[in-house]
Amino acid sequence: MTSGGPATPPPKSRSAASRAANKGPQGRRDGDERYKRGSRRTSGEPLAAAWHPEDEAPESVRVRPVRRRGILSVYGWRLYAIPVLLVITALVVWDTSKKPAPDVQNASSPQNAVVSEGGPANGGIPEATEKAAVPPDLKVATAELPNGLNFTQAGSGNFRVIPGDGPKVGQGTQRTYKYTIEIEEGITAAEVGGGDDAFAGLVDNVLSNASQGWISDPRIAVQRVSANPDMRISLTTPQTTHKLCGLNIPYESSCRLAGKDGRVVINLARWVRGAVAFAGDMTTYRIYAINHEVGHAFGNGHQACGTDGALAPVMMQQTFGVSNDLVAKLNDAVPGSRDPVKPDGKVCRVNAWPNPQGK
């Protein structure tokens with residue numbers, strides 16, 4: 001007996017010879033209808049496939065597979081999904097790459113100064129930013145420090161002289177001004193725009209410009225020295241600038257001190273950020289800052305915009321703006337101010353040179 005059901009008697013055995021005698025040429029018994037397609041199979045008979053290919057179903061009832069051709073049959077819906085995913089990825093990368101520039105809050109510590117863009121005091125990039133896409137309205141307030149790169153707020157108060165001596169340049173029929181170039185300790189090379197040599201190189205190039213610079217005036221000559229200068233051109237942090245120059249007008253500015261060494265103070269805040277009126281043109285602004293403050297050392301005072309729409313005089317306080325109305329309003333807030341700027345509605349264009357038209 002086998003597990004799971006009743007036993008059945010074994011079938012009777014026949015000899016191999018008798019079995020072979022009853023088989024046909026295909027190995028089946030002649031007249032055996034069990035192997036024909038569609039015939040009924042009795043119980044106990046094994047399942048069998050058709051022996052004759054010619055007995056297959058007629059052509060009319062066959063189902064032939066459909067053959068799809070082309071790239072669509074290979075990739076299907078993926079063909080549409082891939083371009084969509086590429087577009088979405090590009091949009092995400094573009095959106096995440098937009099970062100706002102950091103800003104810096106500036107402290108103030110007013111002391112005494114002599115002559116500066118901020119008015120008389122009580123005691124006597126390589127490009128850094130891109131140009132503005134839209135020029136500023138020069139008739140509205142333009143004295144605020146623009147947004148832009150970070151800068152060192154306070155240095156040590158000590159200055160290092162950048163070594164270098166040069167020849168006299170200019171005729172100097174009245175005087176030759178000897179100058180040193182200095183940077184306050186604590187200012188980084190990136191803030192300077194390339195390090196000590198970059199700052200010194202720009203100052204030298206500006207002061208030795210015989211066509212548009214101050215030495216286009218035959219009365220003036222300049223010479224760079226490493227010691228015993230007539231003026232010290234110093235790149236200075238805002239906190240030290242406030243101590244040296246004062247803060248008569250509540251905006252970052254540079255100045256020139258009327259001491260024995262005639263220090264020309266170039267404010268790092270403006271060196272890095274520039275001025276609104278210059279619309280991000282840092283090279284032009286830096287040239288202007290040097291020429292304006294050195295102009296005070298040569299005995300020049302402030303000037304107003306002379307002709308509406310013309311280039312501004314280099315001695316105009318362009319850090320605050322090129323509109324006479326705006327500059328006059330700022331100077332009126334300074335006690336004892338004698339600047340010759342009157343609110344007459346004239347607006348000039350920024351200019352960095354004493355002699356912008358050249359010789």
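At 43% relative accessibility, Arg219 counts as partly exposed; the scale used here calls a residue buried under 20% relative accessible area, exposed over 50%, and partly exposed in between, with a 1.4 Å probe and protein chains only. Arg219 also forms a salt bridge with Asp217, and the closest N and O atoms sit 2.6 Å apart. A salt bridge here is a side-chain nitrogen of Lys or Arg within 4 Å of a carboxyl oxygen of Asp or Glu.

Before going on, a word on the model: this is a predicted model, in which local features need pLDDT of at least 70, side-chain atom pairs count only at pLDDT 80 or more, and totals for chains, interfaces and linings use all residues. Residues are numbered from 1 along each chain as its sequence is written, and side-chain values use heavy atoms, with hydrogens and water left out.

**Salt bridges**

By that rule the count comes to 7 salt bridges. Three of them are set out here.

| Pair | N to O distance |
|---|---|
| Arg219 and Asp217 | 2.6 Å |
| Asp196 and Arg160 | 2.8 Å |
| Arg175 and Asp230 | 3.8 Å |

Take the side chains of Asp196 and Arg160, which meet in a salt bridge. Asp196 lies in helix H5 and Arg160 in strand S2 (residues 159-161), so this pair ties together parts that are 36 residues apart in sequence. Helices (H or I, at least four residues) and strands (E, at least two) are DSSP runs, numbered from the N terminus. Asp196 is partly exposed at 26% relative accessibility, and Arg160 is partly exposed too, with a relative accessible area of 24%.

Then there's the bridge between Arg175 and Asp230. That pair links distant parts of the chain, with Arg175 in strand S3 and Asp230 in the loop between S4 and S5, 55 residues apart. Arg175 counts as partly exposed at 39% relative accessibility; Asp230 is partly exposed as well, with a relative accessible area of 28%. Salt bridges that share partners also join Arg160, Glu185 and Asp196 into one network.

**The whole protein and its cores**

Zooming out, the secondary structure comes to 9 helices and 7 strands. Of the 359 residues in the protein, 38% are buried. The protein exposes about 21,000 Å², and carbon and sulfur atoms supply 54% of that; accessible areas come from the Shrake-Rupley method with a 1.4 Å probe, and for residues only the protein chains shown count as cover.

The largest nonpolar core has 42 residues, and those with the most contacts inside it are Phe199 and Leu235. A nonpolar core means a set of buried Ala, Val, Leu, Ile, Met, Phe, Trp, Tyr and Cys residues joined through side-chain atoms within 4.5 Å. Elements giving two or more residues to this core include strand S3 (175-184), helix H5 (196-207), strand S5 (231-236) and helix H8 (282-297). H8 supplies the largest share, 7 residues.

Leaving aside neighbours within four places in sequence, Leu235 is in contact (heavy atoms within 4.5 Å) with residues including Phe159, Phe199, Ile266 and Trp271. Apart from this core lies another, of 9 residues, among them Met316, Val322, Val327 and Val347.

Phe199, Ala200, Val203, Val206 and Leu207 are buried in H5. Seen down the helix axis, the buried residues of H5 fall within an arc of 130°, so they line one face of the helix; the arc is that of the directions from the axis to the C-beta atoms. On the other side of H5, Asp197 and Asn205 are exposed. Cover for the buried residues of H5 includes S3, helix H4 (189-192), S4, S5, H7 and H8.

In helix H6 (residues 238-245), the buried residues are Pro238, Thr240, Thr241, His242 and Cys245. What covers them includes S2, S3, S5, strand S6 (255-256), S7 and H7. Gly246 follows H6, and its phi is positive, near 80°.

**Toward the end of the numbering**

Gly358 lies in the segment after helix H9 (324-332). Gly358 is buried, with a relative accessible area of 17%. Neighbours within four places in sequence aside, Gly358 is in contact with Ser211 and Gln212. Gly358 and Gly213 are 145 residues apart in sequence and 8.3 Å apart in space, C-alpha to C-alpha.
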